[in-house]
Each structure stands twice: as structure tokens, then as C-alpha cells.
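Student: I have a structure open and want to learn how to read it. Where do we start?

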Amino acid sequence: MHIATKMSIPFTIGNLSKLSTLSISYNKLSGSIPFTIGNLSNVRELVFIGNELGGKIPIEMSMLTALESLQLADNDFIGHLPQNICIGGTFKKISAENNNFIGPIPVSLKNCSSLIRVRLQRNQLTGDITDAFGVLPNLDYIELSDNNFYGQLSPNWGKFRSLTSLKISNNNLSGVIPPELAGATKLQQLHLSSNHLTGNIPHDLCNLPLFDLSLDNNNLTGNVPKEIASMQKLQILKLGSNKLSGLIPKQLGNLLNLLNMSLSQNNFQGNIPSELGKLKFLTSLDLGGNSLRGTIPSMFGELKSLETLNLSHNNLSGNLSSFDDMTSLILGKPMLTQISYHLCQTSTNKEDQATSIQTPNIFAIWSFDGKMVFENIIEATEDFDDKHLIGVGGQGCVYKAVLPTGQVVAVKKLHSVPNGKMLNLKAFTCEIQALTEIRHRNIVKLYGFCSHSQFSFLVCEFLDNGSVEKTLKDDGQAMAFDWYKRVNVVKDVANALCYMHHECSPRIVHRDISSKNVLLDSEYVAHVSDFGTAKFLNPDSSNWTSFVGTFGYAAPELAYTMEVNEKCDVYSFGVLAWEILFGKHPGDVISSLLGSSPSTLVASTLDHMALMDKLDQRLPHPTKPIGKEVASIAKIAMACLTESPRSRPTMEQVANELEMSSSSLMD
């Protein structure tokens, strides 16, 4: 019997005295970093991301005076971070998130003027953060969330002239938000949620170019400043679970780029400003748990992008006639039955025209479009005439339909058998369940469904550019699908899978990630589709199933085991990423590539430009900076194709690595 042995970093690593870069990310290395690392006097970059390394960081690391970047993320390290990490005065980047580090922030970082990026989130770090950092002129990004820091926000943060992101959510900070913070004139993201902050929201913050302001779950008081309307780049505004009071400023209706606004669990009074109906890009609005009164503004019926609206636990009155075009309402349990009835009705009120799927314990929230009745779909598709057909799959045919409102939707009609029953009821209910419970920018939206004796179908958003498969097969479309768009599509899919695997409960495995199931809108934003084979993972039992998926994308272990986990999607993502780079399915190339050592192969292909020979020749060879991102995707895709599932990265690691790659090009 073969027993797999865990590999560690050899002590002889210290013999490589001329080494300037050591990168051993996403392997299955265990053990600790050997103390001989201190012999690498010329090393500038150490990258250990995504292994199973543990133990304490050797004190000898403080001898590395040339060190510029230390990447320790996604391991099992314990103990303190190296305290003298900036002793050489050239240190720029530290990434240590997702470990078990304790203790304070390294003292040498306080006055490390060369420092650019700091990522220490999701550890057990502690200490008074008030004066943990001096004024650092080059610091661009700092993430300290999900630790145990205490103290107050120093006014000195306002002197960080290069700072674009300040994230210290879910700690134990107290005191007020200093108005001096407005001096950080490049600040774009401010995350201070889940602390114990008090006082008002400073008016001066409204002068910052923020696109993400998250201050929810604190003890902030007073009114929301009207000046916030000047923050024209704002996309996310989270002020929920505080002690804010007064009226909701009508000026918030001027934030025309807003996507997500939460003012829930406060003490707001008065009417809901009708001006909020101007926020045409808004996808989520949460005003629940206040003391709002009056009626729901009729202008809310213009919020065509709105997916979630929470108005529960207020003192509102009136009817819901203005919401016919909205897709998801959360208005509190007393209203759910009434609203579901309104949205499920057909225009003829005949019970046999359209009925809901009766599957126990599937839906907590129902998603429909009030005007999308059965007859509208039949009329728009002319009884599902082939001239409206835009795609055929294993489970059904997809049609383009223009509703009487002018809205364009995609209708997926399930295949039927002669007795009138659906070919795969399980796939139908699974897809409804998945798309009802998940909401993400890169996952196709479900508008409604119908189970009917004649036709059963799903109605989803229509995406103009069709599938990645279709785009790559057409030379003209493929040439328009340039490297920037392709890189972004890979990131979009990674973000969608990261959300499904790590943010959904229960976790969701798609099981059929392929180029035919990734759809592109008019701006080439990717949307993962076709959840008929998706599986909700049960944490309390094994997840065995029969084989599903698309040959050429399925993970190799499915040939001998039917246990489903997230690493199946990771493998399929790797194939898809290569396909997007090559312009065609990588086919036999995968076998030949996997025949070599992944680390050796990646180094040789990148160093000797062999990769460029395999890239889609219909496009010009990518040049800097996009060329570096293409190379990074190739490297990550290779890690995803590792034969051993356990050795593949998680989609969270993949998404983070892609983000870091993109961020490094902007530094």
C-alpha cells in the first residue's frame, strides 16, 4: 500500500545564497519554515501562499535585510509575526491572512516608510491599534479585519496620502471616527463594520472618492449627513445596525452609481424618500427594523435592477401595486403569503394554468416577476417556435423572448417525454433552488419559473453575447474578445465559484463548469449559468452521486470515485481558464502539460515564452501589463489541474491570487 508522505521545506534551502526570489505557493508542503532561511541574504521576495505550513516564523527571518515582500497567506502558522521585518528599510508588502498568528502588529512596520500593502486579516492578532502605525507615505492598502485589535482610530490615518483602502472590520475598536480621516484624499474603500464605534458620521468623509463605505454594526448616532450625496462614486453604503436617527436624507437619491444600500436596524423615522427610486442600478436595499411610516413610494417600481428589498419591521401602509416588475421582495413574514399569491397569479386565474413546484423545504424566498405570466411567455416565443431558439442543452432548449413590457429574457424550456412529464424533474427543482438562494453579480439571475402540464420552463436574464464557447468559435467575436476582456472573465468566474464554495450555506458545487455554461453580457461581464446539476453539500454526511458534467472538463478523480466536493469545480475552472487563453479547448495539451512537474513546467513556459505559442493566435500577443496577468492566470490554472484534489487551491485562494496579481500591476 502506498502511503503519501508530506513534504517540507528542506534545511538546505539556506545554501542558495544568491537567491533573490523564492516562490513555492499552492503546493502541499507541511512542517515549518527552517531557520536556515536567514542565510538568504539577497532574497527580496518570499512566497509561501496556500500550503499546509505551520509552526512559528523563525527569528532568523529578521536577518533578511534585502526583503521586500513576504507572502504567508493561507497556511497554519502560529505565534507572532516577525517583529523586525522592515529592518532593511526596503520592505513593501506583507500578506499573512488566514493563519493563526497572535500578538501585535510588528513594531518595525510602524515607521516602515517603504511599505505599500498590508494584508493581515483573519488571524488572532491583538493589541492597541491606536498608534500601531506612524505616517507612511507610500501605504496604498491595509486590511486588518477579523482580528482582536482594540483602541481607537488615530487621526493620523488622514495623513496617509497614498491610501486607497482601509479595512479594519470585525475587531474591538472604540471611540469616534476622526474627521481628520478625510485628509486621506485617495481613500476609496473604508470598512469599519462590526466594531464599537460611537458618535456621528463625520461630514468631512463625504469629500472622499469612496466607492465602498461600510460602517454597519457599530454604535454610531446622529443623522446621516446630507453631504454624502456628493460621493458620486459610491457603490456600497452600509450603515445598518447602528443608532442613527432622524429622516433618511432624500439627497441619497443622487448617488446614481449605488448598488447596495443598508440602513436597517436603526432609528430612522418619517417617510421613505421617493428620490431613492432614481437609483436605477440598485440591486439591494435594506431599510428594515426602523420606524418608517407612510406608503412605499411608487417610484420604487422603476428600480428594474433591484433583487432584494427589505422593508420589514416598520410602520408602512398601503398596497404593493407598484412592484409588478421587481424580482425579489422581503417584506416580513406577515406579508409573504399575500405577496407570493399576487406574484404567482396568472391573468386568467385558472389554477391549472401555472402552478408552483411543491417540493418540501426548498424555498425560503420566492422569486418571480409579477407581469411574467404563462401566456406572455407562450406568446413571446410563439409556442416555442424554433425561430426564437438560441441554444440547446442536455436538459432543455433556450429561447429568446421579448415580453410585452419590452424586457428581453431567456426562457429555458425543459425537455419532456411523451407522457407529458419532465425528463428531469430533479434537475429542474435543483436549478430553481440554487438560483433562488444565491445572488451574485457573476451568476445568472432567475426571474421566475412555471411548472405546467404542457410546458415547464425557467425564465432568466438574457445576456447579449451568449456563451464563451460560442464567442471563441466565431473568429470575429473571438477577436473582439481581447486579452483584457478574457482576463476579466476568468476573474468573474473565479469570484462566482468562490462565492458558491465559501459564502453560501450550504456550500454549492456547480459540477458542470464549462465554456458553454459561462454567459457574457454586452460588456463582457461573465455569468455562470445552468445549475441543473448543482449539488448542495451536506456537512454531516458524505456527498456521493452519479457522474454528471461535461467530458473534457470533469476532474479525473470522478473516473474512480463519485464523491463530490469543491475541488471538482476547481479542476473544471482550470480547464476553462486555459480554454479562454488558448481560444479553444486545451484537449491533449492538458495531458502533456500534466506529464511534467507543474512548477518546472510553469517556470519554463513563462521564461522561454513557449506559452505565447499556445495562446489564441487570433489576437496579438499580450504585452505588459496585461501580459503579466495572462501569465499569472496560466500559472494558477496549472495549479487547478493538479491530479490530486487535495493539492489544488481553493477557489478563495484562486480569487485572492488573481486579485493580488491585478493589484500588484497597479502598485
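Student: How are helices H6 and H7 oriented to each other, roughly parallel or roughly antiparallel?

Tutor: Start with the general idea. Two packed helices are described by two values: the angle between their axes and the distance between those axes. Now this predicted model. Helix H6 covers residues 483-502, and helix H7 covers residues 566-582. Their packing angle is about 175°, and the axes lie 10 Å apart. Angles over 145 degrees count as roughly antiparallel. H6 and H7 are therefore roughly antiparallel to each other.

Student: Which residues of H6 and H7 make the contact?

Tutor: Take H6 first. Its residues in the contact are Trp483, Arg486, Val489, Val490, Val493, Ala494, Leu497 and His501. H7 contributes Glu566, Asp569, Phe573, Leu576, Ala577, Ile580 and Leu581.

Student: How do the residues of that contact divide into nonpolar, polar and charged?

Tutor: The contact of H6 with H7 has 11 nonpolar residues, 1 polar and 3 charged.

Student: Now the strands. What is the order of strands in the open sheet?

Tutor: The general idea again. Strands of a sheet pair through backbone hydrogen bonds, either parallel or antiparallel. Here, the open sheet has 10 strands, and the pairing is parallel. Read the order as E9-E11-E13-E15-E17-E19-E21-E23-E25-E27.

Student: Which are the edge strands?

Tutor: They are strand E9 (102-103) and strand E27 (315-317). Each of these edge strands pairs on one side only.

Student: How many bridges join E15 to E17?

Tutor: Strand E15 (residues 172-176) and strand E17 (residues 196-199) run parallel, joined by 3 bridges. Look at valine 176: its bridge partner in E17 is threonine 198.

Student: In what sense do E21 and E23 pair?

Tutor: Strand E21 (residues 243-247) pairs with strand E23 (residues 267-271) in the parallel sense, over 3 bridges. Find serine 245. Opposite it, in E23, stands asparagine 267. E23 also pairs with strand E25 (residues 291-295), again in the parallel sense over 3 bridges. There, glycine 270 stands opposite leucine 292 in E25.

Student: Let me zoom out. How many helices and strands does the protein chain have?

Tutor: The protein chain has 12 helices and 36 strands. It has 667 residues, and 55% of them count as buried. Buried means under 20% relative accessible area.

Student: What does the accessible surface of the protein chain come to?

Tutor: About 29000 Å². Carbon and sulfur atoms account for 51% of that surface.

Note on methods:
Residues are numbered from 1 along each chain as its sequence is written. This is a predicted model: local features need pLDDT of at least 70, side-chain atom pairs count only at pLDDT 80 or more; totals for chains, interfaces and linings use all residues. Side-chain values use heavy atoms; hydrogens and water are left out. Axes are lines fitted to C-alpha atoms, for helices over the stretch in contact, and angles run from 0 to 180 degrees between N-to-C directions. Helices (H or I, at least four residues) and strands (E, at least two) are DSSP runs, numbered from the N terminus. Angles under 35 degrees count as roughly parallel, over 145 as roughly antiparallel, 65 to 115 as roughly perpendicular and the rest as oblique. Contact means heavy atoms within 4.5 Å. Ala, Val, Leu, Ile, Met, Phe, Trp, Tyr, Cys and Pro count as nonpolar, Asp, Glu, Lys and Arg as charged, and the others, Gly among them, as polar. Two strands pair if DSSP finds at least two bridges between them. Buried means under 20% relative accessible area, exposed over 50%, partly exposed in between (1.4 Å probe, protein chains only). Accessible areas come from the Shrake-Rupley method with a 1.4 Å probe; for residues, only the protein chains shown count as cover.
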